[in-house]
Amino acid sequence: MALALSPPRVPKPKSALPLHYYESFLEKKGPRDRDYKKFWAGLQGLTLYFYNSNRDTKHVEKLDLGGFVKLTDEAPWGNSHDPSTHFCLVLRNQEIKFKVESLESREMWKGFILTVVELRVPSNLTLLPGHLYMMSEALAKEEARRVLEMPSCFLKVSRLEAQLLLERYPECGNLLLRPSGDGTDGVSVTTLQTLSGTPMVRHYKVKREGAKYVIDVEEPFSCTSLEAVVNYFVSYSNKALVPFLLDEDYDKVIGFVEADKENGESVWVAPSAPSTSGPGPAPPKGGPKQLPPTSITPVPSLDKLPPLPDQDNNYVIPIGDTPAASYMNEDVPSPSQLVVPKPRRLVKLQAKLPKPPTVPKSSVPAEPKGLNSGPAKKLAASSAQAFSPTTGLADVTAELEEKLQKRRALEA
């Protein structure tokens, strides 16, 4: 019995691993942790990401370095067994302790953290030239990332425009970043708060010093990015300042200003959209109006022209209906205008000619006028001699009498 063939196995697509400036195993102990916990850690931007293993693509924890204060090499209290494998990361709101496998790993972590925070390669660490080169590459990537990174509350507006935006849209926030008014590459911070019903607008200057942003106040504060500047204002004000985020909604109904017919005042009208089956204006209420019946005159079609006379039959024009003289140099009608010629009344030539009246031979009758025009010209062209009606009939009578005499002689 033949076995059924199983379909080939298709390998599952592997998700790309995140790109980090530096990554290795790292043991972490936070303020609420009782002991160290081992993670696979990676540094990207100003964030430390922690994974359960080096094959995972989704982190389980992360640590923001925006509130960086300092790095220390102090060993845990009461433990002097191997102080070279410990270091402490001090932030504004917490202190995190780390433990690594070797002195080289500790110096590497400290060097990369200082590089992205201070935007410079440290020179007071025990590092090899290859390590310094790796940090310089990470520095270039971090500088390029910060150039393209702007907070959502940064708007290219003037000082007055920023104040008007905060006053007009208080529900969107009360803190706004804008370009500096002195023409430098620094920025300015505009805030709007209400005190006892009175709006209070404040402007703060942020200077650019190398790769850092320094908030110009009585006690200057240095930040590594504009996002860190916003976070400093929010945290310093106990979240009383909210970054401004303009909600760009669009209207769904077309509105317009219309004058009231009763009092003449202008009112805003926003009618509901009519539900029509197709484009165009809506039909009037009560149905369409019936138009009165009108007589329709048929227009001659271009394809239906009056029939032409049969060219096989000979037609003559009566004497009394002599057409007016036509000229070849008459006005030529426009090609766009259709000229339909009026059909002429034609009289068919009788097969048997009537018996001509007896007229004296001396009198010569006038030639019919209709023989020189139209189809009558064919008769004149087929005969070699031109004849008049009187002479032609006399010859026919003489010929008939001669044939009659010959028939009588044969019968006798």
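**View 1. The largest nonpolar core of this predicted model.** Among the 30 residues of this core, L48, F98 and W109 touch the most other members; a nonpolar core is a set of buried Ala, Val, Leu, Ile, Met, Phe, Trp, Tyr and Cys residues joined through side-chain atoms within 4.5 Å, where buried means under 20% relative accessible area with a 1.4 Å probe and protein chains only. At least two residues each come from several elements, including strand 1 (22–29), strand 2 (37–44) and helix 2 (129–148), while helix 1 gives the most, with seven residues. Helices (H or I, at least four residues) and strands (E, at least two) are DSSP runs, numbered from the N terminus.

**View 2. The surroundings of W109.** Leaving aside neighbours within four places in sequence, W109 is in contact (heavy atoms within 4.5 Å) with residues that include Y22, F25, L43, L48 and F87.

**View 3. The second core.** A separate core of 18 residues includes F154, Y213, L226 and F233.

View 4. Strand 8 pairs with strand 9 (residues 187–195) over five bridges, and L175 has T191 in strand 9 as its bridge partner.

Residues are numbered from 1 along each chain as its sequence is written. In this predicted model, local features need pLDDT of at least 70 and side-chain atom pairs count only at pLDDT 80 or more, whereas totals for chains, interfaces and linings use all residues; side-chain values use heavy atoms, with hydrogens and water left out.

Notes:
Two strands pair if DSSP finds at least two bridges between them. Buried means under 20% relative accessible area, exposed over 50%, partly exposed in between (1.4 Å probe, protein chains only).
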